[in-house]
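Please read them with the structure open.

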Amino acid sequence: MPDVRAGLALRLSLALLALLSIAAAACASEESGQPSASQSGSDELTIYSGRGESLVGPLIERFEEISGINVRIRYAGTAELASAILEEGDRSRADVFYSQDAGALAALAEGEVLRRLPDDVVASVAPELADASGRWVATSGRARVLIVSTERVPNPPDSVFDLVNEEWRGRVGWAPTNASFQAFVTAMRQIHGEDTTEQWLRSMLANDVVEFPRNSPIVQAVGDGEIDVGLVNHYYLFRFLADDPEFPAANHFTDPGAAGGLVNVAGVAVLKSSRNSENALKFVRFLLSQEGQSYFREQTSEYPVISEIDARPALVPLAELNPPSLALTSLSDLEGTIELLRDAGVLP
Amino acid sequence: MSILSGTVELPSRLRFSIPAVWILALAVAGAACIPLVYLIVRAATADADDWSRVLSGSTLRLLTNTASLTAAVTVTCAAIALPIAFLTERTNLPLAGFWRSITIVPLAIPSYVGAFAFIIALGPNGSLQDLLEPLGVQQIPEIYGFFGSWLTITLFTFPYLLIVVRAGLRDIDPSIEEAARSLGQSAWGAFWRVTVPQLRVPIATGSLLVALYTISEFGAVSFMQYETFTWAVYLRLTSAFDLSGAAVLSLVLVGLVAFVLLIDWSQRRRARYHRLGSGAARRPRLVRLGRWRWPALAALSLLVIIALAVPIAVLFHWLSVGLGYGETFPGLWSAALKSVYVSALAGGVTVAVAMPIAIVVIRRPGFLSRLIDRVSYVGYALPGVVVAFALVFFALRTMPVIYQTLITLIFAYTVLFLPQAIAGLRTSLVRIQPGLEEASRSLSRGPWQTFCHVTLPLITPGVLAGFALVFLTTMKELPATVILAPIEFDTLATTLWGHTEEAFFARAAAAALLLLACAALPMFLLFGSDRELRT
């Protein structure tokens, strides 16, 4: 039977519920007023960003500052946002899609939701760093490298294919669950074929490659002397060097023109459905401006994509890295890569 | 008559008697069907490739993987949750209130955080291996794949079962056990022969919650690289941006879910679980543990160490490393407020809309009410991203003005977590004698008054359990939140995810710890000193 306390608890919970519903209604009506206002305003811009706030937040703030445009930004996974834009179709709320990789941009281009960018914007980067029809453009790049110990590896290998030699037994680290590693394997499948790639993966396992959950512990392990060589992206080293300028490791570029030197890019596109396409274009131009490009070089340690700004010293220039046969947009064939990694016994 | 026959007030000419509760229940069930309708519409645009992929051998592997993981997790969760429920409710376990609360807190750890922490601690080159290496242990079992997924999901979902079983255990009339004792049964005999059979509904309900959550789980299986259906759906989206293909795969998943629901349906027998006679429900006599309290405490401590202390230790480690570098944590408090706000809102709304379904399921057993009940599970068992896209589809086509507002977001949470609220409610509702409600109606109280003054006070434990379940699950929800939340509405879960993705682990750890604190506090308030909460 209900006692006094239960009655009290009931009244409390009912009151709470009522309060919450009122708050919800109030909040919702306030929120729902905003989109229509923002779409008609000329100083607004909505960005769906697959690049995270920690990486690009300061850059967005700077853009707001110099352009006077009020940016509203949704951060989420690149693939989720690209799929969401495809699902939204011509009703999308986004003006700009800022992507972590070229595959998602290509999917949107194929879904015919992207607007053609002006020729001068596309022409500011090398042809292989933009869509052939000018619907998206790369904004920064990242390279696959070998991180090698400066103390124990006087003669780093010239190719990732050399890592299967007896000399490197138990001295190499990789992170097979990492997305960048998997993109690198996808590139290897494309450039060198399925059989060669599977053979390489099996030989690496047979050569006692050391498995890590992520990239940064690989760099740490090279510094600590646990391993001598690791397969990572180029920018991790700069994070370690920022904390410890004496950090005993260096980036080593292998076999330019082969998968070992893969460059992947982040890029940007403007949506067809955008009602603020002028502002959207201003944002694209800002990312490709000297200021935007310097930000990538200095703050995220990535490759700039315009010719006016050089890569950091000790990096092989972008133009010398990717083989012309490699289509950046096809690096998203993750399903095929994961199946291969499974078949080779790299993944469970 | 019971509360179910309230009529809709219409002009007398048009008056006909459809019980209001049925209308409400059908409306909610209709809303719960939105993801299913979306999948069918999307799958209709799929090409031959999408269908032939489904018929290929990989689907069989996905089925086996998903089914074996689901079965293993469910059985293990039951094996963990039942003893804890008994220990914390029916014995003189020291610090019972503390254990009661702390054993629910693992639910607040997002599985992707837990998985990540376990990989750091137990994975290749992890802390455990470093500890064991001097002892000559070179290789510890592979964490990736089935083992890691099973471990992670079990440790962070057993509280679903625990909350539901405990609410059920609390509502059982101890006089039945006492009758068994007086007829010569030992304490254990009475427990196994009388109490456990009475817990059939809570156990079945809680197991179903765990099983279907496992099927839809993404965070842990993706970190552990274990190929389940949900992961395959994500891969189809992220690898091929193929919405139709993902829908086709999801429909196969719906088939699997339907199979699980059918098993559950056939397991539930028609039975009454409420008392018929008069007499006041009393507190049960507590079992004296005696020297058994030590193994009990040891087991509980071990569980809490693995499920809570290990992840928290990893988080604190990252936090301290970050603090050493002078890391700052912008926007955390506002994210915490938003998280608590939407989660409480989702909890309240979901429990409210679950009420009509729970009532028809318990009070009007029959084909239609069972069907409504089963349908409510669809959103819960589907990958979160699919439910999110279903609402993108529907909101933009029907009411674009609510798209990416709190209304759509709360709606999504309701579709996703409806069964949790229903589970909480039904375990309490099933114990209430309809006679009480009928007496109220016979004393000329209306259906609504009867509900407020008789039914609701009696099912307070169920209301609280349902609220707690939805609140905790919403706190850590990710895929629907990132797509459907109002723009720049950053919650702890989205903040945490963003920082993890970019390897800013100190910031991620701060967000995760705050999320844990925000989730744990209400649990201590609700369950900590809860002898009072009994009706």
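This is a predicted model: local features need pLDDT of at least 70, side-chain atom pairs count only at pLDDT 80 or more; totals for chains, interfaces and linings use all residues.

1. Domains of chain A. Where the two meet, eleven residues of domain 1 of chain A are in contact with nine residues of domain 2 of chain A. On the domain 1 side, the touching residues comprise five nonpolar, four polar and two charged.

2. Nonpolar core. The largest nonpolar core holds 289 residues, and those touching the most other members are A:I85, A:F97, A:L108, B:L212 and B:A412. Helix α16 (residues 332–363) of chain B is the element that gives the most to this core, contributing 18 residues. Domain 1 and domain 2 of chain A both supply residues as well, so the core lies between them. As background, nonpolar side chains in soluble globular proteins tend to be buried together.

3. A:I85 in detail. Leaving aside residues up to four places away in sequence, A:I85 touches A:Y48, A:S92, A:A94, A:F97, A:L108, A:V113 and A:L271.

4. Helix α12 of chain A. This helix covers residues 334–343, and its buried residues are A:L334, A:T337, A:I338, A:L340 and A:L341. Viewed down the axis of α12(A), they fall within an arc of 160°, so they line one face of the helix. The general rule is that an α-helix has 3.6 residues a turn, so residues three or four places apart point the same way. What do the buried residues of α12(A) pack against? Their partners are α6 (179–192) and α7 (194–206) of chain A, together with α13 (229–240) of chain B. Just after α12(A), A:G345 has a positive phi of about 85°.

5. Strand β7 of chain A. β7(A) spans residues 229–233 and is mostly covered, with five of its five residues buried. Which way does each neighbouring strand run relative to β7(A), parallel or antiparallel? Strand β4 (residues 137–149) of chain A is antiparallel to β7(A), and five bridges join the two. In that pairing, A:R144 has A:N233 as its bridge partner. Strand β5 (residues 172–174) of chain A pairs with β7(A) in the parallel sense, over two bridges. A:V172 stands opposite A:V229 of β7(A).

Methods. Residues are numbered from 1 along each chain as its sequence is written. Chains are lettered from A and ligands numbered from 1 in the order in which they are written. A residue is buried if 20 or more other C-beta atoms lie within 10 Å of its own, exposed if 12 or fewer, and partly exposed in between; C-beta atoms are placed from the backbone. Helices (H or I, at least four residues) and strands (E, at least two) are DSSP runs, numbered from the N terminus. The arc is that of the directions from the helix axis to the C-beta atoms. Two residues are in contact if their C-beta atoms, placed from the backbone, lie within 7 Å. A nonpolar core is a set of buried Ala, Val, Leu, Ile, Met, Phe, Trp, Tyr and Cys residues joined through C-beta atoms within 7 Å. Domain bounds come from an automatic or database domain assignment. Ala, Val, Leu, Ile, Met, Phe, Trp, Tyr, Cys and Pro count as nonpolar, Asp, Glu, Lys and Arg as charged, and the others, Gly among them, as polar. Two strands pair if DSSP finds at least two bridges between them.
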